[in-house]
Amino acid sequence: MSAVIAMTDGQQCAANQRQAGQDCLPLCLSSERVAELAARAAILEAAVSPKPGLVCIDGNGAHSDMDYPLFVRSARTLRPYFAEAHALGEALRGFAPQRVFAHLRPLGIGAEQRMLRATGGVNTHKGLIFSMGLFCVAAGRLSGQTASAAALRQEAASLAGGVAQDFAPLAALRESLRCGIADSLSPRDARPELEARLGRRLSAGEVMFLLYGITGIRGEAERGFPHVGLALRALEAHGAGHDLNTAMAHCLLELMQAMDDTNLLWRGGLQGLRHAAIASRAALDEGGLRTEAGRAALRRMSADFARRGLSPGGCADILAVSVFVRLLRGHAMS
């Protein structure tokens with residue numbers, strides 16, 4: 001009689017993870033478990049304090065219509081969507097990525113509608129519905145495999161192609177439409193003039209593409225979510241295994257220096273984006289949450305962002321997705 005005891009699929013997957021190293025993820029979880037981790041990541045992101053300009057557990061940042069309990073309610077409302085997205089990835093793993101995204105889109109629209117009902121019409125997680133949805137689908141498509149965080153990012157990216165094609169009609173008009181619009185204007189203030197010149201309504205994303213050539217979260221996705229990679233490295237470098245709140249707060253400061261955050265751009269234009277990057281670097285140089293000087297810098301930064309109406313919501317979404325990937329990794333380690 002053989003002394004070898006057959007392992008379950010889950011046990012084999014965990015063994016593969018240990019053998020492959022710490023960067024590998026246990027993509028053999030149920031859809032409900034994946035959804036639980038995704039919602040937990042969203043709640044963890046909301047809780048982190050301080051986050052200049054953003055809602056956190058003890059402040060509302062630059063937002064008068066949002067608070068931490070609202071974000072928790074919103075994240076919990078999205079949990080079924082995250083499960084649906086993962087299950088979709090599993091069911092359609094053999095399909096072309098573009099076909100899978102076509103099936104994800106109506107799920108995302110439904111999730112956004114449920115979010116708005118739960119929050120009384122406040123947009124708490126619209127960006128995260130897109131990005132976290134892609135990662136949940138990607139985890140489903142790779143289910144049962146041993147995969148690195150980079151492989152998960154690339155799988156998510158494969159679902160989000162076509163950005164250049166979608167913006168092509170506007171690309172040819174960029175120079176003529178933006179001519180004469182002052183760089184000091186925020187996109188929000190420049191929008192009426194651009195719409196008048198074009199003769200139609202423009203989305204916020206279209207306005208920022210016309211002004212700056214920036215493609216936002218869709219461009220980030222199509223490039224393979226490079227800032228998720230940056231955030232995962234930053235979380236490790238700032239000691240996420242010992243003090244998650246500090247690591248996440250510092251990671252957000254790193255992201256504000258690296259990303260063209262469309263939320264910051266929309267509210268503050270290029271000047272607001274640059275101001276946020278400079279302030280973030282200064283706060284980290286002072287030691288961030290680990291020194292009194294750094295904490296004082298963060299308090300000043302928070303007051304300043306609230307006064308200016310600056311909110312790095314794009315960076316917050318990337319942070320939440322990165323924490324989700326880290327939770328997947330932690331599940332493997334355990």
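Reader: Before I start, what does "buried" mean here?
Author: Buried means under 20% relative accessible area. Exposed means over 50%. Leu29 has a relative accessible area of 11%, so Leu29 is buried. This is a predicted model, by the way.

Reader: Ok. Where does Leu29 lie?
Author: Leu29 lies in the loop between β1 and α2.

Reader: And what does Leu29 touch, leaving out residues up to four places away in sequence?
Author: Leu29 touches Val34, Leu37, His86, Leu328 and His331.

Reader: How far is Leu29 from Ala139, C-alpha to C-alpha?
Author: Their C-alpha atoms are separated by 8.9 Å. Along the chain, Leu29 and Ala139 are 110 residues apart.

Reader: You listed His86. Which helix is His86 in?
Author: His86 is found in helix α3, residues 68–91.

Reader: Is His86 buried or exposed?
Author: Buried. The relative accessible area of His86 is 1%, and the cut-off for buried is under 20%.

Reader: Tell me about Cys136. Where does Cys136 lie?
Author: Cys136 lies in helix α5, which covers residues 126–141. At 0% relative accessibility, Cys136 counts as buried.

Reader: Which residues are in contact with Cys136, leaving aside neighbours within four places?
Author: Val34, Ala38, Phe82, Ala85, His86 and Phe324. Cys136 and Ala35 are 7.7 Å apart in space, C-alpha to C-alpha. In sequence, Cys136 and Ala35 are 101 residues apart.

Reader: Let's zoom out. How many helices and strands are there in the protein?
Author: There are 16 helices and 2 strands. The radius of gyration is 21 Å, close to the 20 Å that the globule rule gives for 334 residues, so the protein is as compact as a globular protein of that length.

Reader: What does the C-alpha trace span along its principal axes?
Author: About 85 × 50 × 35 Å.

Reader: How much of the protein counts as buried?
Author: Of the 334 residues, 52% count as buried. The protein exposes about 14800 Å².

Reader: What share of the contacts with a separation of 6 or more comes from residues 24 or more positions apart?
Author: Those residues account for 71% of such contacts.

Reader: And charges? How many are positive and how many negative?
Author: The protein has 36 positive and 31 negative charges. Their mean positions are 1 Å apart.

Reader: Back to the strands. How do β1 and β2 run?
Author: β1 and β2 run antiparallel, and 4 bridges join them. Strand β2 covers residues 145–148. The bridge partner of Cys24 in β2 is Ser148.

Reader: Which way do the side chains of β1 point?
Author: Cys24 and Pro26 point one way from β1, residues 24–27. Leu25 and Leu27 point the other way. All of these residues are buried. In a regular strand the side chains alternate between the two faces of the sheet.

Reader: Switching to Pro97. Where is Pro97 found?
Author: Pro97 is found in helix α4, residues 97–119. Leaving aside neighbours within four places, Pro97 is in contact with Arg141, Ser158 and Leu159. Pro97 and Pro226 are 19 Å apart in space, C-alpha to C-alpha.

Reader: Last one. Is Arg274 buried or exposed?
Author: Exposed, at 53% relative accessibility. Arg274 is in helix α14, residues 262–285. The C-alpha atoms of Arg274 and Met256 are separated by 9.1 Å.

Methods
Residues are numbered from 1 along each chain as its sequence is written. This is a predicted model: local features need pLDDT of at least 70, side-chain atom pairs count only at pLDDT 80 or more; totals for chains, interfaces and linings use all residues. Side-chain values use heavy atoms; hydrogens and water are left out. The radius of gyration is taken over C-alpha atoms; the globule rule is 2.2 Å times the number of residues to the power 0.38. Buried means under 20% relative accessible area, exposed over 50%, partly exposed in between (1.4 Å probe, protein chains only). Contact means heavy atoms within 4.5 Å. Accessible areas come from the Shrake-Rupley method with a 1.4 Å probe; for residues, only the protein chains shown count as cover. Lys and Arg count as positive and Asp and Glu as negative; His and the chain ends are not counted. The place of a charge is taken as NZ of Lys, CZ of Arg, CG of Asp or CD of Glu. Two strands pair if DSSP finds at least two bridges between them.
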